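Subject: Structure handover

Hello,

Below is the structure I said I would pass on. My notes on its salt bridges and surface follow.

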Amino acid sequence: MTLVTDTAVKALLTTATTTTVRPRYEGSNICTWIGFKHVNYLVEEAVLDHFRQTGLPARALYEEHGLGLDLVSIDSRILHAFHMDDTAEAEVVPWTKDTDGTIGFKVTIRFERGGETLKAVTSKVRVSLRIDTYLEAAGEVPEQLARFAVATLGDDLEREEPAAAPAEEEILASLTAGQNAYAWKWNIPYPYCHFTERIQMSGYLRLMEEGKDRFVADRGISIKTLLDDRRWIPVVPRSDIRILDEALMEEDLYTVYTVEEVFKDFTYTSRMDFYVLRDGKLVKTATGRIVHGYAVIENRRDWSLVNFDQRVLDAVNGVPQA
């Protein structure tokens, strides 16, 4: 049995680690560039390897102590684009105060390009250890990890009071009323979940990517439309997502994508909020933001950022199309 020792926990909370990461082939959707979702997967992998290197791997924490390792927030800036087959070094630096109820890390990913080492990604991550209640109890939580263990994700936060829901067929309209927003209802399938019951961070990242895809299609500037018309692709310099409560397998999830700010004609920021209907109330389970721009494909290797034209500005701002 793996022992949760003072030495291992001290290393987890104070010792920096490095690991080699490489984006998955699946993340290369346009030419050989890697999308923001898979860049965040690299951040997640670096954090998981930090737990391994310090002697507290996710598998042992769950199997032996009944603690599910959950990334509950991730805030990432992408400074240089990843390409297919890039190999990078990820440095994980612990960032946890004595009063924190979650385990914090700062992650920096660097790679070499043209003989120069570039800082490609910076990210801040928070982790909770969720006490498993689906199977039989695993015994007392090791005292060294007790302050990071929660009965429900979001227990360390001051949650919003759930709002009374309107009739189910009116929920989407109520969530977007008076907003420059798009919303949809979706039943959570098991491939988006982990530890047998709840949606995991990577599931929310997938939904953030889907939100962009659904929004622009609804506004008449779908990904393929702008690719075919002018070889424009969306780029994401920053994204963040935070889990506030739990959303469970096969629950209906209501996702709202709201445009908050358009910065000149260069980027726009959208907020994404996630809700489940529970006991007649809408419970917010996660919230995040994503910053979008556009780039033009110059060739199979290169792209460059472009300013929005009036068609794109009108679509993003919700101006009715002629």
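Asp49 and Arg52 form a salt bridge, with their closest N and O atoms 3.0 Å apart. Please keep in mind that this is a predicted model. The two residues sit in helix α2 (residues 36–53), and because they are 3 residues apart there, about one helical turn separates Asp49 from Arg52. Asp49 counts as buried, at 14% relative accessibility, while Arg52 counts as partly exposed, at 40%.

The structure holds 26 salt bridges. Another of them joins the side chains of Lys185 and Asp252, at 3.6 Å from N to O. Lys185 belongs to strand β10 (residues 181–187) and Asp252 to strand β14, so this pair ties together parts that are 67 residues apart in sequence. Lys185 is partly exposed at 41% relative accessibility, and Asp252 is partly exposed at 26%.

A salt bridge also links the side chains of Arg219 and Asp218, with an N to O distance of 3.9 Å. Here Arg219 counts as buried, at 16% relative accessibility, whereas Asp218 is partly exposed, at 47%.

Phe266 is in the loop between β14 (252–263) and β15 (267–278). The relative accessible area of Phe266 is 33%, so this residue is partly exposed.

Regards

Notes: Residues are numbered from 1 along each chain as its sequence is written. This is a predicted model: local features need pLDDT of at least 70, side-chain atom pairs count only at pLDDT 80 or more; totals for chains, interfaces and linings use all residues. Side-chain values use heavy atoms; hydrogens and water are left out. Helices (H or I, at least four residues) and strands (E, at least two) are DSSP runs, numbered from the N terminus. Buried means under 20% relative accessible area, exposed over 50%, partly exposed in between (1.4 Å probe, protein chains only). A salt bridge is a side-chain nitrogen of Lys or Arg within 4 Å of a carboxyl oxygen of Asp or Glu.
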